[in-house]
Amino acid sequence: DPAVRGLGLGSYVEYWVLEFVFEGLKLAKLWCEVLASNEPVWKLHETFGFTVEARFRGHVLKADERVDVLGLGLLAGDWRERRPAMAQRLRLRGFEPPVIG
């Protein structure tokens, strides 16, 4: 919903997912793929510590056009280093960071 853009809800959800993946499930790495044209989403992931590890050229068909996809990865240790800054970011937007476990 465009009415909630910019309020920090996406950051809250991203934080919750990362906490669940790394603290709840104890996974070592999280991988995601994002359309290269969807800059707001891959920039958000980078803010949370993800690194672009791959670019799949012409990987998917969208509106009859081949488009690139970025593969981004985040290691558990990288998340733990980044977590305090991201928790502070949420607090500044009026959210209490979720705690898993």
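The points below go through a helix, its surroundings and the salt bridges.

1. A word on the ground rules. This is a predicted model, in which local features need pLDDT of at least 70 and side-chain atom pairs count only at pLDDT 80 or more, while totals for chains, interfaces and linings use all residues. Residues are numbered from 1 along each chain as its sequence is written, and side-chain values use heavy atoms, with hydrogens and water left out.

2. Let's begin with helix H1, residues 9-24. Helices (H or I, at least four residues) and strands (E, at least two) are DSSP runs, numbered from the N terminus. With 16 residues at 1.5 Å a residue, H1 should span 22 Å (the expected span is 1.5 Å times one less than the number of residues). The end C-alpha atoms are 21 Å apart, which agrees. After H1 comes Lys-26, with a positive phi near 60°.

3. Which residues of H1 are buried? They are Ser-11, Glu-14, Tyr-15, Leu-18, Glu-19, Val-21, Phe-22 and Glu-23. Buried means under 20% relative accessible area, exposed over 50%, and partly exposed in between (1.4 Å probe, protein chains only). The buried residues of H1 pack against strand S1 (29-35), H2, strand S3 (65-75) and helix H3 (76-92).

4. His-45 sits in helix H2 (residues 39-47) and is buried, at 12% relative accessible area. Leaving aside residues up to four places away in sequence, His-45 touches Glu-14, Cys-32, Val-34, Phe-50 and Leu-72 (contact means heavy atoms within 4.5 Å).

5. Now the salt bridges, of which the structure holds six. The criterion is a side-chain nitrogen of Lys or Arg within 4 Å of a carboxyl oxygen of Asp or Glu. One of them pairs Arg-80 with Glu-23, the closest N and O atoms being 2.9 Å apart. This pair links distant parts of the chain, Arg-80 in helix H3 and Glu-23 in helix H1, 57 residues apart. Arg-80 is partly exposed at 37%, whereas Glu-23 is buried at 19%.

6. Another bridge joins Glu-53 to Lys-29, again with closest N and O atoms 2.9 Å apart. Here Glu-53 lies in strand S2 (residues 51-62) and Lys-29 in strand S1, 24 residues apart. Glu-53 is partly exposed at 41%, and Lys-29 is partly exposed at 39%.

7. Finally, Asp-68 and Arg-55 meet in a salt bridge (2.9 Å, N to O). Asp-68 belongs to strand S3 and Arg-55 to strand S2, 13 residues apart.
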